[in-house]
Amino acid sequence: MQSLCPSSTSYGGAYTTSLSQLVSSAVDQAATDSMSVFENMELNDREAAENMDLNDREAAAGKDRISNLTYSLIHHILSFLEIKQVSQTSVLSKQWRCIWTSIPILVFHERTYYHPDSYSQANKFMDFVDGTLLRRNNMSDIEKFSLTQGNNLNEYRVSSWITNVISRNVQELILSLRQEDPFIIPISLCTCVSLISLTLEITPSICFPRNVSFPKLKHLTLRGVLFSNECWNEKLFSKCPVLEDLILAHCTYDTRNFCISVTTLKILRIHHWGDQDGLRDCGLQIHAPNLVSLSYQGWVPKEFVLYTSPKLVEAHVLFFGEYVVATREQRKSCNTSIIQFLRALTHVNRLIVFNAMLEALSADNLLENLPTFHNTKQLILREDIADKALIALLKATPNLESLIRIDDAEEDDVAGNEAEETFNHDNEDDDWILNVVTPGSFPVQLKSVCFKEFIANPKEMKWVQLILKNAKALQTLTISSFQYSDLLNGKTKELMMELTSLPRASTSCTLKFPSWRVVQFVSLSLIGGCVGRPFYPLPSKPLVDKNKQPMQTFRPYNIAHRGSNGEIPEETAAAYKRAIEEGADFIETDILSSKDGHLVCFHDLILDLTTDIAAHKEFADRKRTYKFEYANVTVTGFFIVDFTLKELKSLRVKQRYGFRDQQYNGKYSIITFEEFISIALDAPRVVGIYPEIKDPIFINKHVKWANAKKFEDKFLQTLQKYGYVGSYLSKKWMKQPVFIQCFAPTSLIYLSNMTNLPKILLIGDKSIPTQDTLQWYDEITSDSYLDFIKEYVVGIGPNKDTIVPVENNYLLTPTDLVARAHSHNLQVHPYTYRNENQFLHFNFHQDPYAEYEYWINEITVDGLFTDFTGSLHNFQELSSHHKL
């Protein structure tokens with residue numbers, strides 16, 4: 001059989017990777033991606049899907065995994081491969097001979113095709129692109145077309161490719177080319193009505209046609225573009241009526257003024273290299289009333305005007321070179337421009353600055369001219385900031401709550417320090433700084449300070465001492481030294497003892513060392529009991545009922561996920577009582593409703609997976625099919641909303657996983673919300689509850705209560721009936737602790753108008769949007785959204801695999817979600833921690849204690865949802881020191 005794919009093995013070297021391995025890997029990745037739908041939907045339940053995969057894995061070994069796949073799933077699988085590899089899949093089966101010609105994502109990248117100094121390689125590459133587009137199914141659209149090539153390509157052929165993909169309604173276009181002559185953008189691209197995202201990086205330069213129009217474009221990235229016509233520049237942005245994200249990198253501005261006027265713009269990044277003039281001799285005007293984030297790196301513009309941007313949350317500012325300009329007059333002009341630029345940013349919530357800008361102002365004694373940033377809550381300092389500059393910045397941010405210092409020192413600089421020097425804190429400047437810095441030097445609301453890449457040099461130690469001594473409202477001082485911890489020359493324990501012994505102005509301040517080893521962490525906790533939850537003040541004494549032991553608040557919360565369901569079937573009275581016996585701080589449950597409006601504790605909308613519904617023939621006609629629009633799926637099963645409470649009570653619960661203890665199957669019934677509350681209130685010590693408002697959109701649609709009450713109203717009435725009131729850590733809350741959790745942000749906002757009980761926004765993965773607001777993961781974890789939602793919640797509950805991504809069951813580099821949440825005064829309670837080898841990542845070597853140690857001490861979470869309450873409790877007892 002002759003393959004229909006164009007030749008793809010005759011250039012760029014031999015194709016050495018096994019095609020079957022590539023496809024198998026892509027199938028696994030697609031399967032993982034698909035599984036995440038269950039996780040976020042919580043309809044058929046991700047655990048059921050995992051269980052099915054685990055039970056069937058051995059039986060499926062060696063079977064044909066691809067012949068019977070649907071076209072849509074094959075397209076999804078192939079999207080994880082580059083187009084060269086995609087074309088080669090045509091040899092796998094008859095079904096796959098032509099399907100590759102309709103794949104919606106086309107990625108041509110130079111690392112596959114580029115061969116230095118070879119003109120023939122460029123021709124073969126162009127032939128391959130021609131052949132790929134020629135053989136495409138005429139009816140199939142293209143979602144993404146990405147072209148990256150380091151050899152000079154024929155401009156006519158590139159233009160024909162662009163026109164081709166535009167005719168197929170392309171939504172995302174990326175062109176990264178190195179040409180010999182300026183590249184003329186075809187008119188068809190500049191009038192494309194389907195384009196949503198456009199990235200152009202073409203050297204030596206790009207020539208645009210006079211008329212442009214991008215009616216649907218939301219994301220625009222231009223690199224190396226020459227802007228020489230002010231009228232055309234303004235017209236370009238005016239013809240992008242829905243543009244939200246704009247990146248201008250290493251561009252040249254040959255105009256007196258450069259104006260960006262886009263009312264829909266939310267994110268703007270302007271970056272230049274140090275050897276580029278950028279906007280140095282040009283005025284910059286920005287009119288973007290919906291701007292949320294601004295990042296500017298380069299020479300300061302000659303003039304800067306930022307028209308009203310009330311939604312601006314973050315500003316990232318890096319100026320370089322100003323302090324080394326030739327004359328005093330030039331330096332003065334630059335400094336005036338810097339002050340002008342900063343004055344336009346005084347209303348931002350989050351400010352990120354670099355030392356070079358401060359050096360420029362300090363050289364002419366202009367630090368006192370810094371504007372006052374009244375709205376700034378978080379200040380991030382990059383590089384080593386001079387003492388005078390830091391004092392000036394603290395003075396200019398009177399309402400600051402969070403300060404993060406990131407030292408970008410090179411490893412060689414650190415390694416050269418002798419141990420004796422590291423711990424010798426006396427220098428000539430100490431007397432000056434100690435006399436100047438007083439409690440009044442620190443913002444009165446400063447609650448959190450973080451030193452990243454801490455190396456314990458004299459300057460850092462001096463500032464730790466000053467902060468602890470003078471910051472009266474400080475709640476958390478975090479010291480992270482992951483990169484250089486091995487360079488402290490064996491002085492780690494000595495250093496930790498020294499830090500914990502320093503006097504503190506704040507009685508509620510705790511020190512955290514998230515990246516230091518567990519044995520050192522245990523030593524620290526035994527020294528001072530300093531491991532604490534960030535941002536929330538601990539009570540000065542127990543504020544609970546005298547007859548009950550109070551709930552601990554000095555270490556991350558142990559949250560019994562559906563009770564101790566690793567041992568006993570989930571959400572049953574027995575599972576919750578076992579969790580309390582094993583030391584849970586909170587017992588967690590999912591609240592749904594019966595057909596007749598009774599609130600019950602049950603996780604799934606369908607009864608099929610964890611009850612004996614299949615054995616009840618009297619209910620055989622209750623099977624229903626419902627469509628969930630937000631996830632674009634249809635589910636068939638026995639839905640809980642189609643059964644009365646009496647009928648639900650006739651069912652018996654069983655274990656979700658076949659590899660867990662089955663002896664309790666059939667022994668316990670579904671319990672009500674009120675029965676769940678009674679279990680917590682009857683406990684011999686104070687035990688909190690952690691109920692979830694489950695699938696409120698679906699419940700409100702299918703269950704109706706009297707007087708037009710909503711699911712959320714019924715939920716809150718039940719809590720209030722049993723005395724659950726008060727804000728987080730208040731006296732009333734400490735007597736009956738509760739967190740209200742939900743995946744739907746509008747439900748939490750709705751409840752915020754009726755109660756000050758603490759709430760947690762649950763966050764799924766990236767596969768589907770929120771069920772109520774249809775917002776995607778990247779949006780609801782952005783700084784702007786966290787700043788918005790913190791007015792309604794005290795924390796977030798993300799899937800732990802989104803905090804630290806996983807590949808092939810190994811953990812990858814952690815994201816900054818926890819750090820950013822903490823900077824917004826939000827706790828982080830990830831889910832779900834399980835003991836079995838099927839769930840433990842390879843990094844932990846089948847040791848659940850190693851997993852707990854990593855998440856508590858390195859990731860620094862504030863609570864953990866676990867199926868094995870006893871294991872987490874035992875670990876915390878061994879590694880934490882109880883201090884009331």
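Contact here means heavy atoms within 4.5 Å, and helices (H or I, at least four residues) and strands (E, at least two) are DSSP runs numbered from the N terminus. With that in hand, welcome to a predicted model, in which local features need pLDDT of at least 70, side-chain atom pairs count only at pLDDT 80 or more, and totals for chains, interfaces and linings use all residues. Residues are numbered from 1 along each chain as its sequence is written, and side-chain values use heavy atoms, with hydrogens and water left out.

**The chain as a whole**

- The protein chain holds 32 helices and 35 strands.
- Of its 884 residues, 56% are buried, where buried means under 20% relative accessible area, exposed over 50%, and partly exposed in between (1.4 Å probe, protein chains only).
- Among the chain's contacts with a separation of 6 or more, 70% join residues 24 or more positions apart.

**Two nonpolar cores**

- In soluble globular proteins, nonpolar side chains tend to be buried together.
- A nonpolar core is a set of buried Ala, Val, Leu, Ile, Met, Phe, Trp, Tyr and Cys residues joined through side-chain atoms within 4.5 Å.
- The largest such core in this chain has 123 residues, and the members touching the most others are F145, F227, L248, F258, I260 and L345.
- Helix α13 (residues 387-396) gives this core its largest share, seven residues.
- Another core, of 104 residues, lies apart from the largest one and includes A631, L651, V653 and I859.

**Helix α24 and its two partners**

- The axes of α24 (residues 711-721) and α26 (residues 745-752) come within 10 Å and cross at roughly 55°.
- That angle makes α24 oblique to α26, given that angles under 35 degrees count as roughly parallel, over 145 as roughly antiparallel, 65 to 115 as roughly perpendicular and the rest as oblique.
- Axes are lines fitted to C-alpha atoms, for helices over the stretch in contact, and angles run from 0 to 180 degrees between N-to-C directions.
- The crossing of α24 past α26 is right-handed, a term for a near helix turned clockwise from the far one by less than a right angle, with anticlockwise giving left-handed.
- On the α24 side the contact uses E712, D713 and L716, which meet S747, Y750 and L751 of α26.
- By class, the residues of the α24 and α26 contact are three nonpolar, one polar and two charged; Ala, Val, Leu, Ile, Met, Phe, Trp, Tyr, Cys and Pro count as nonpolar, Asp, Glu, Lys and Arg as charged, and the others, Gly among them, as polar.
- Helix α22 (residues 673-681) also meets α24, with axes that come within 11 Å and cross at roughly 30°.
- The passage of α22 past α24 is right-handed.
- F673, E674 and I677 of α22 make this contact with F715, T718, L719 and K721 of α24.
- The α22 and α24 contact residues divide into four nonpolar, one polar and two charged.

**Backbone details to check by eye**

- A cis peptide bond runs from Y831 to T832, with omega near -10°.
- T832 sits in the loop between β34 (827-828) and α31 (848-858).
- N169 is not a glycine, yet has a positive phi of about 60°.
- The loop between α8 (155-167) and β3 (172-178) holds N169, which is partly exposed at 38% relative accessible area.
- N809, also not a glycine, has a positive phi of about 70°.
- N809 lies in the loop between β32 (806-807) and β33 (810-811) and is partly exposed, at 24% relative accessibility.

**Individual residues and their surroundings**

- T866 belongs to strand β35 (residues 863-866) and is buried, with a relative accessible area of 0%.
- Beyond its neighbours within four places in sequence, T866 is in contact with N558, I559, A560, H561, G563, Y833, Y852 and L872.
- I185 is in the loop between β4 (183-184) and α9 (187-190) and counts as buried, at 2% relative accessibility.
- Setting aside neighbours within four places in sequence, I185 is in contact with C190, L200, I202, I206, C207, F208 and P209.
- F788, in helix α28 (residues 783-789), is partly exposed at 36% relative accessibility.
- F788 and H824 are 36 residues apart in sequence, with C-alpha atoms 9.6 Å apart in space.
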